[in-house]
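Let's take a walk through a protein model together. Keep the sequence and the 3D view at hand as you read.

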Amino acid sequence: MSGLSHKSLAIGERGGHRGPIIDRVNGYDIIACDGCGFRHVLQLPSAEKLREAYAENYYRDEKPNYVARAREDADWQRLTWEDRLSLFEDLLERGSSRPLSVLDIGCGPGWFLKVAADRGWTVQGVEPSRQAAEHASGLGLKVIHSMFDETTAPAVEHADVVHLNNMLEHVADPIGLLRLAIGRAWPGGLICVGVPNDYNGLQEAVRASGAAPWWLAPPHHLNYFDFASLEGLMQRLGLEVLEALTSFPMELFLLMGENYVGDDTLGRDCHARRKRFDLSLEKAGLGAVRRKLYGALARAGLGREAIIVARKTLA
């Protein structure tokens, strides 16, 4: 793996994972894993511990305001989901008049699926959190309350698009999970994976000023991708990469002296400003400009998220 801008501390090895230790935080070692091709914690938890954490505790303890704040963000978030669904519709090769279908793995409270359903898509979701799954079901959506694993996957219907947003960073075996997800896409269908774009150039620029790596959040974030490592993983699993997308680079606020890290009030203010930026462009009829801007940032490896859209080959 290339692009490490700070000195490796040592070589870490455990459970078949091996690579230079690039960071240590909260008692966890972060390695640039030679075998996986992406950065992750060395002390990976068991599937059972993850199941316990996300079934009940995550939204209760870590994200108690998530649903309320998502409602505040609804108009802005809809821009993202509408853009993404429009792209899927353009990329899919329609072979029949049936509605397009999407499977959202880790669907959370169901906002993305609701937008898709409103556009006429057939939708289904899988969500481990009880609170989030109940909220999504309350929107009238078909949601399985479970981890997505070898037991759940065969019970899920195939779909034209399999969507995993802010999912792979949380799991102990992202490669295995992505293989299962690919298996639920129709041949010629799409896989869309979105993760935080970590260790990107803007983060490293902030870090060069002496800031700690605030994006490291074990045990909730176990894996750390950027565009290159995510695209490489998807290609190794046989997918044809089609598009790279991103969102507003929040690190710009930090580089301009707005240190929102650990300051929820300032963080919400910075978030409101990025929302206003996107919504103002849309209101001015410049949605295409906004999409081109974020496409250019993605091609440069920048932006807060790394989002890759790929096709499952027909073979």
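**From a loop to the sheet**

We start at Met250, which lies in the loop between β11 and α9; helices (H or I, at least four residues) and strands (E, at least two) are DSSP runs, numbered from the N terminus. This is a predicted model, where local features need pLDDT of at least 70, side-chain atom pairs count only at pLDDT 80 or more, and totals for chains, interfaces and linings use all residues. Residues are numbered from 1 along each chain as its sequence is written, and side-chain values use heavy atoms, leaving out hydrogens and water.

Is Met250 buried or exposed? With 7% relative accessibility, Met250 counts as buried (buried means under 20% relative accessible area, exposed over 50%, partly exposed in between, with a 1.4 Å probe and protein chains only). Leaving aside residues up to four places away in sequence, Met250 touches Tyr260, Cys270, His271, Arg274 and Arg304, where contact means heavy atoms within 4.5 Å.

Now step into helix α9 (residues 251–255), where you find Leu255. Leu255 is partly exposed, at a relative accessible area of 42%.

Two strands pair if DSSP finds at least two bridges between them. β11 runs antiparallel to β12 (residues 305–312), and six bridges join them. Glu240, for instance, has Arg311 in β12 as its bridge partner.
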